[in-house]
Amino acid sequence: MVIYWFIGAFFLAEAIKEGIFVYSKRRLPGFQLLFGLGELLLFLLFSIIGVWGWRNSCIFPAAFLLWNLAGAWYALVRKRRKKAGIGRAVLRLLVLAFCLLPVVLFPPMKPVPASGSYACETASYVWTDETREESFQNDGSFRQVAVQFWYPATEKEEKFPLVVFSHGAFGYRMSNYSTYMELASNGYVVCSVEHPYHAIFSELEDGQIIMADKNFINDVFRVNEEGMPEEEVFALNRPWINLRTEDMNFVLDRIEEECGRETADLPFRLADTQRTGLMGHSLGGAAAVTVGRETPGIKAVIDLDGTMLGEELDYTDGKYLMNTEPYPVPLLCIDTTGHYEEGLKYGDQYVNHVILAEAEEAKEIHFDDAEHMNFTDLPLFSPPLAGLLGTGKRDARECIMTMNRVVLEYFDYYLKEKGELSLQEVY
C-alpha cells in the first residue's frame, strides 16, 4: 500500500533530519521549517488527490507535522538556535513512531463500492433477553445483545428480505460491513448481531464497553493449537455454540415482534421475515448453520469458513457423532482452499462434509490463495492485524468483493427467486 511507503519515507526523512542536527550540534529552525512545510504539503497533496482515503488515525501524523512547523516557526521568530543531542533526537523519533502506529495498524482505505441502486441507512439497538441471565457475570443481570441494521433508503411501501449475520470469535458487528452494504444497496434488510464477551468489544445499553472475555480468548487459541484432545475441544465449544444460537434466536424473535408493531421503526417496516436468510463467519457461521436447521422459516444459510460445530452431537469412543438428519435449508459453504483440503483428510470425521453430503440442497465453494480473515473486512481495515490472524496471498479487496458478489447471487436466488445460480466450485 502507498501509505506504508509514505510512512517509511516519512520516518526515514525525519531520522536523516535529526541526524543532520546532531552532526551540526544545532537545530536549524529555517531548515526545519522548510523541511516540515514540504512534508505537510506532500501529506495534504496525497490526501486530496486520493492516493489514500482519510481516516481518524491520520490525525496523529498530521498533528506531528503541525507541531514540527510550530516549533520551527517559534524558534525562527525568536531567533533561538537550540542545541541538538542524541537524546532529543531519539525522543522526537519515538514520538513520531507513536504518532505513526495508528496509521500502520489502521491505514486509510478506499471503501468497497456497493453495486446496488439503493442508498443505505443504518440503525442500532441493544436488546435485553429477560429469559437468560448473563453467563459471564455473577450479578444476576440479564443477557444483552447489540444489533445494527443496514437497509435501503426508500419512500415507497416496499418489503425486502431479511439477512441476519453473526461475526466470528473476536469479531464485532462491523466485521463484514462491505457485505452488509452490498446486500442493503441491492434491496435487503441486514441485521448484524454482536455477541458480548465473544466480540472484541461491545457497547451495551448503559454505554458500558464490554471487552472479549479473557477465558474465551485463551480457550479459542488453545482449541486452534495442535494436540488438544478432541473430547476437550468438543466440551469447550458446546457453550460457545449454545450462546450464539440463543442470541440469534432471541434476535429473530425480537425482529418478528418489532415488525408486528404499528409504530415500528423503519428497519422493521421494511423487513419481510417470511424471506429470512442467515449467514456468519467462522464461529458465527457455525451458529448460523445450527439456527438454520432448528428455526422454522429460514430460507437459506451461508457459512463463511466456519466448521459446523453445532452439527457435532457428541464425541465418544474416539469418534464424533454427527447429525445425519438431512439439512432442510439451502446451504452454501464458502471456504478457503486450505480449509477445504484439510477437511478432506478427515473424511467422515469432518462435520462439514457429512452435513453437506446429507443436505437436501447444499453447495461448497472455495477460494484459492485466501485465508480465514479474507472473508471479512479486517484485511482492508487493518492489514497488520488481519495478517496475524490469517490472510492469504490473494488481493484482499478483490477477494471480499468476489465473495460479496457470490453472497448476493445466492440470496437473490433463494430469497428473491430471481436470477440464476451459476456458482463456480473454485474462485
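**View 1. Phenylalanine 160 is buried in this predicted model.** Its relative accessible area is 4%, where buried means under 20%, exposed over 50% and partly exposed in between (1.4 Å probe, protein chains only). Tyrosine 118 is partly exposed, at 25% relative accessibility. The two rings form an edge-to-face pair, with centres 5.4 Å apart and planes at 85°. Rings of Phe, Tyr and Trp (its six-membered ring) pair if their centres lie within 6.5 Å; planes under 30 degrees apart count as stacked, over 60 as edge-to-face and the rest as tilted. Tyrosine 118 sits in the loop between α4 and β1 (120–133), phenylalanine 160 in strand β3 (residues 160–166), 42 residues apart. Helices (H or I, at least four residues) and strands (E, at least two) are DSSP runs, numbered from the N terminus.

**View 2. Phenylalanine 367 and phenylalanine 375 pair edge-to-face.** Their centres are 5.4 Å apart and their planes at 85°. Both residues are buried.

**View 3. Histidine 281 lies in strand β7 (residues 271–281).** Histidine 281 is buried, at 4% relative accessibility. Its contacts (heavy atoms within 4.5 Å) include Phe165, His372 and Phe375, not counting residues up to four places away in sequence.

**View 4. Arginine 92 places its charged end over the ring of tryptophan 67.** The distance to the ring centre is 4.8 Å; the rule asks for NZ of Lys or CZ of Arg within 6 Å of the centre and within 35 degrees of the ring normal. Trp67 belongs to an aromatic cluster with Phe6, Phe10, Phe43 and Phe64.

Residues are numbered from 1 along each chain as its sequence is written. Local features need pLDDT of at least 70, side-chain atom pairs count only at pLDDT 80 or more, totals for chains, interfaces and linings use all residues, and side-chain values use heavy atoms, leaving out hydrogens and water.
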